Amino acid sequence: MRNRIIVTTAALLLASAISAMAQQQQNPPATTAPAALAPTFGTIDFGFRGLDTTGDAARLQRYSDLRNGAHSHVEFGKNTDTSLINFTADNVGYRDQRYDFGFTNGKATASFLWDSTPLNYAYYARTPWVDRSTGSSAILTLDPAARLAVQSKQPGIVGVPANAGQLNTASIFRGMAGQFDLQQRRDTAALGFGLNATRDLLVNFTFSTAKKSGAMPWGASFAFSNANEVPLPLDNRTNDFAAGVEWTNPKGMVRLGWTGSWFDNNIHELVWDNPVRATDMTPYDPSAYLNGNGPAQGRMSMPPTNHMNVVSATALYKMPRRTTVNGTLSFASMKQNDSLIPWTINPAIANAGVYAKFPGLAHLERSTAEAEVRGINALLNLTSRPNSRFGLNVRYRFNDHDNRTPIFDAVEYVRFDAVPEETGGETEPFDFKRNTFDVNGTFHLTSATALRLGYTFDTVDRLERAAEQLTDNTFRASLDTMQSQYVTVRAIYEHTARDVSNLDVGKITGGGGQPALRFYDEAARDRDKATLLFVVNPVAQVDLTASVAAGKDKYNDSDQYFGLLDNDNTSYNLGVNVTPMEQVAFGVNYGHDKFTSLQRSRNANPSPDASWNDPNRDWTLNNDEKVNNFDVYLDLLRAIKKTDVSLSYSFSDSDNAFVHGGPRIAALTAAGQFQALPNVTNQWQQLRADVKYFFDTHVGIGVGYWYEKLDISDFATIDLPGQPGTPRIDYLGEISTGYGNRPYKGNTGFVRLLYTF
Amino acid sequence: MPSIRQVVRSALAIATVALIAVLFVAAHPGAARPGTVKPKVQAPPASAADYVGEDMCLQCHEDQAYKGTVHALKTNLKSPAATKGCESCHGPGRAHVEGGGDVTKIQNPKKMNMQEASEVCATCHNRETHALWTGSQHDQRNVGCTSCHSVHAPKGDTKLLKASSEPELCASCHRNITNKQHRFNHMPVREGKLGCSSCHNVHGTSNVKLLKAGITVDESCTSCHAEKRGPYLWEHAPVAESCTACHDPHGSNNDRMLVAKQPYLCQRCHVTSRHPPTVYEGYLLKNSYNSNKIFGRACVSCHQQIHGSNAPSGKAFLR
């Protein structure tokens with residue numbers, strides 16, 4: 001709150017200073033500005049809001065706060081020949097409140113923003129973990145007696161259900177799980193200031209600070225059979241600064257800039273209790289990561305405090321014959337040097353006896369991360385339009401992501417705080433260096449029709465990835481025309497062939513992968529993309545829009561057998577928008593999207609087990625999603641006397657199928673151990689109606705109604721048997737918060753007074 | 001290098017588009033319409049006497065006011081109000097006036113070649129967010145300033161937009177993208193907390209996809225999600241290269257805006273031994289503790305630190 005007041009006060013002082021400065025400066029000789037609009041305008045929209053919800057109320061208000069109470073929206077503006085001022089305030093006092101202020105007098109500009117954005121996960125969440133955080137440690141504890149009861153395998157006690165039979169008994173933790181609102185919030189304050197120091201010189205500065213608080217669902221596991229979800233407390237802040245100075249004249253521009261960003265996380269580590277162990281397993285069990293006979297507590301690192309600085313130069317120069325060159329050059333530095341947590345919190349491992357066998361665990365190679373990436377980035381862009389028929393654009397980009405983080409030796413490490421192992425390896429600081437050359441020739445077939453033919457050569461040299469070099473050759477053609485007053489056509493086709501050089505299959509097999517696996521983000525492939533957009537205006541008041549977009553990825557490395565093999569998408573959209581008169585607008589839009597993909601895998605044990613090379617263990621997955629979108633709207637602004645009416649309805653649905661195939665599936669089916677997954681579906685719709693009636697030019701009343709409904713079915717969301725919508729937090733292999741994808745229905749009504757001026 | 005087959009296929013496709021273009025243009029000879037006037041021959045430099053002043057313009061064009069906008073700020077030494085008023089953008093008007101309002105004797109950006117019209121705007125708007133306009137993706141595609149902005153009749157509250165909101169404006173061409181704001185998992189665009197310009201600068205940037213922050217996709221995303229910026233001790237390589245390998249920032253029906261549902265997204269790459277390539281299907285979901293790799297957070301139930309880990313024991317992103 002104190003920060004809020006300080007920042008607000010600073011913004012007001014700044015604004016008043018600028019205003020005073022504006023009054024002192026001499027007005028330049030100028031002509032009279034055109035006809036006057038209202039110099040001062042605004043709206044005060046204040047009333048009451050009521051919300052009625054069934055189902056997942058948090059999902060309904062995912063990024064908003066619609067709780068019962070006051071509704072507020074304030075706008076104010078004052079525009080004169082010497083300054084523009086605007087101010088808005090929304091939903092004052094609620095978790096999504098927003099205040100926005102802007103001022104300019106031509107000489108200087110100032111802006112201020114306060115925005116709160118909630119992220120509501122679930123209001124039905126439950127957890128048996130209790131937050132006992134202290135200092136920079138988030139500490140989540142469980143009832144020790146319950147843990148001991150589970151550990152000692154007391155008859156009738158279930159901790160984390162491990163098989164279907166145990167699902168018939170409630171976990172001991174279900175009863176002690178308290179309900180809470182699982183939500184977080186980002187509060188952002190941003191301040192901007194710009195000054196035209198001279199006609200050609202601009203100086204600007206921005207500062208923003210964003211604080212995240214609340215909690216989020218977080219995976220916190222101990223073993224394959226003991227994966228849990230806890231509410232992780234959040235307490236971090238990001239401060240961003242930017243400053244720049246620009247000099248411009250009709251021939252060109254030069255800008256020098258600096259940006260700095262500091263992320264500070266007040267929570268350095270998470271420590272949480274194991275639901276199935278009250279005491280550490282002593283000595284440790286080498287199979288603990290599988291059976292859960294591990295530590296009493298776990299510890300993990302949190303996102304590290306870090307900072308980034310970038311200095312940049314941007315320039316633009318206009319040459320004869322409509323030729324322009326512009327470009328940027330920047331140097332970046334990203335650093336984080338957080339202290340490292342120990343190998344494990346488990347005293348059954350962190351002791352001299354284990355160190356004798358695993359000497360690497362006796363100490364950390366270094367105590368802080370010492371992580372650093374430096375970047376050099378450049379863009380050079382030449383555009384020449386020497387005549388009305390032809391234009392040429394040549395572009396070169398260079399990115400160097402130089403990771404200077406020293407290698408960290410973790411050949412010996414501790415898995416799940418449960419088992420010391422010798423398979424950790426060393427860290428792999430990821431580097432890349434990218435060169436992109438792009439040339440496009442534009443042929444102006446007429447003054448309003450442009451045909452563009454282009455080619456891009458893009459190559460990426462990479463360190464610590466299997467594909468050490470990727471080369472993309474892209475050919476494209478586009479046509480954009482407004483040749484007829486009735487028709488606009490925009491079309492583009494692009495083909496990209498990606499080749500891989502210096503593929504190090506050892507990087508794939510070294511990570512345990514099949515040698516015929518290729519990672520889809522670096523695999524050789526052909527990519528085809530096309531978009532066609534038609535806009536027809538039979539009369540000026542009507543536009544009909546039709547568009548088709550399609551993309552196809554075909555992975556074509558002849559040695560690839562596993563991984564993503566195909567990935568396609570298509571999108572069709574049709575729309576009509578009509579504005580028969582200034583006061584009336586209506587329209588409807590429909591879209592249909594389809595996404596399909598095919599991937600192949602092999603369910604195997606590691607070589608030399610025979611299954612490793614057994615094609616009968618292969619399986620495939622076809623993922624096929626169809627989505628429909630529909631929007632319709634009607635706006636009547638004083639088309640009815642003294643009345644504004646606004647209606648809109650939006651609809652979106654999805655049908656997502658997961659179809660397994662291949663010999664492994666046939667074998668599982670024959671053994672009675674395969675059940676096809678049901679489609680994941682959802683259907684969302686939203687109706688919004690708003691009617692305002694004005695008694696005179698200033699005073700009116702308004703009523704609004706919002707209806708929103710989500711139907712969803714997702715096999716990944718687990719409810720209590722026979723209680724749809726009521727989460728089960730103690731399902732197989734996990735104690736969760738119950739957060740999931742559940743339906744909701746919301747009715748929100750508004751009644752308010754309006755005052756406009 | 002691309003194969004001959006790929007080159008031939010691309011060339012055929014390009015030739016087809018070119019042919020369609022030629023046929024289309026041939027079928028629609030430049031029948032005059034707003035926006036199709038051929039560029040004029042370069043006029044000689046105007047003298048002061050060629051300008052008539054704004055008062056003269058307003059005698060006939062009173063409805064073309066721009067007061068109340070930034071263009072009317074006399075205190076900005078570059079603004080039309082501080083320079084030549086209407087004629088700052090429309091050029092000297094004497095010939096137009098003396099020609100009795102002859103529209104061929106006045107410059108009207110709405111009726112000019114799109115790129116030439118943009119050059120008029122870029123006379124002043126050549127810095128800050130507009131510095132890299134020339135040669136940018138929109139500029140190359142014959143999308144110009146007047147495609148999205150209207151100086152005299154804006155519909156939006158800000159930025160002189162030709163639509164009442166930014167997403168609505170962008171949807172006029174990018175409907176397949178803007179539709180994604182209605183997906184089950186989405187950025188807070190439909191709630192009005194973010195707009196297209198929160199991430200994109202449509203006027204040209206040094207980043208890909210007209211992203212306005214940073215010079216890579218990751219730098220753009222971590223400008224808000226700084227907790228994922230690292231650099232980490234243990235990196236998940238695809239994460240360090242591009243967030244979009246796994247996420248669709250415009251919206252998705254999968255949790256956390258993933259491009260595919262977990263665990264199947266992870267299984268696209270993790271074809272190893274033991275649990276990663278296990279067939280995660282309905283039987284396991286109902287009968288085994290391995291169900292925890294299907295429901296809820298799926299793979300991330302254990303591999304929570306998937307964006308990178310700063311723990312010495314963080315190789316598998318478990319800590």
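A:Phe757 sits in the segment after E38 of chain A. A:Phe757 is one of the residues that make a nonpolar surface patch of about 880 Å². This is a predicted model, in which local features need pLDDT of at least 70, side-chain atom pairs count only at pLDDT 80 or more, and totals for chains, interfaces and linings use all residues. Residues are numbered from 1 along each chain as its sequence is written, and side-chain values use heavy atoms, with hydrogens and water left out.

**Nonpolar patch on chain A**

- Members of the patch include A:Ile44, A:Phe46, A:Tyr693, A:Val699, A:Leu753 and A:Tyr755.
- Patch residues have over 30% relative accessible area and no salt bridge, and nonpolar side chains (Val, Leu, Ile, Met, Phe, Trp, Tyr) are joined within 5 Å.
- Accessible areas come from the Shrake-Rupley method with a 1.4 Å probe, and for residues only the protein chains shown count as cover.
- Strands E1 (40-55), E33 (699-713) and E38 (744-756) of chain A each supply at least two patch residues.
- Strands (E, at least two residues) and helices (H or I, at least four) are DSSP runs, numbered from the N terminus.

**Interface of chain A and chain B**

- In chain A, 234 residues are in contact with 156 residues of chain B; contact means heavy atoms within 4.5 Å.
- The two chains bury about 16,000 Å² between them, 55% of it on carbon and sulfur atoms.
- Buried area is the accessible area (1.4 Å probe) that two parts lose on being put together, summed over both.
- The rule finds 15 salt bridges across this interface.
- A salt bridge needs a side-chain nitrogen of Lys or Arg within 4 Å of a carboxyl oxygen of Asp or Glu.
- A:Asp81 pairs with B:Lys74 in a salt bridge, with the closest N and O atoms 3.5 Å apart.

**Salt bridges overall**

- The whole structure has 55 salt bridges over all chains.
- A:Asp472 and A:Arg498 form a salt bridge at 2.9 Å, N to O.
- This pair links distant parts of the chain, 26 residues apart: A:Asp472 is in strand E24 (467-481), A:Arg498 in strand E25 (487-503).

**Backbone points in chain A**

- The peptide bond from A:Thr282 to A:Pro283 is cis, with omega near -10°.
- A:Pro283 lies in the loop between strand E14 (269-273) and helix H5 (288-291).
- A cis peptide bond also runs from A:Ser607 to A:Pro608, with omega near 15°.
- A:Pro608 lies in the loop between strands E29 (584-602) and E30 (618-640).
- A:Glu370 has phi near 55°, a positive value in a residue other than glycine.
- The loop holding A:Glu370 is between helix H6 (352-357) and strand E18 (371-384).

How values were computed. Chains are lettered from A and ligands numbered from 1 in the order in which they are written. Patches are made of residues with over 30% relative accessible area and no salt bridge: like charges are joined within 9 Å, nonpolar side chains (Val, Leu, Ile, Met, Phe, Trp, Tyr) within 5 Å.
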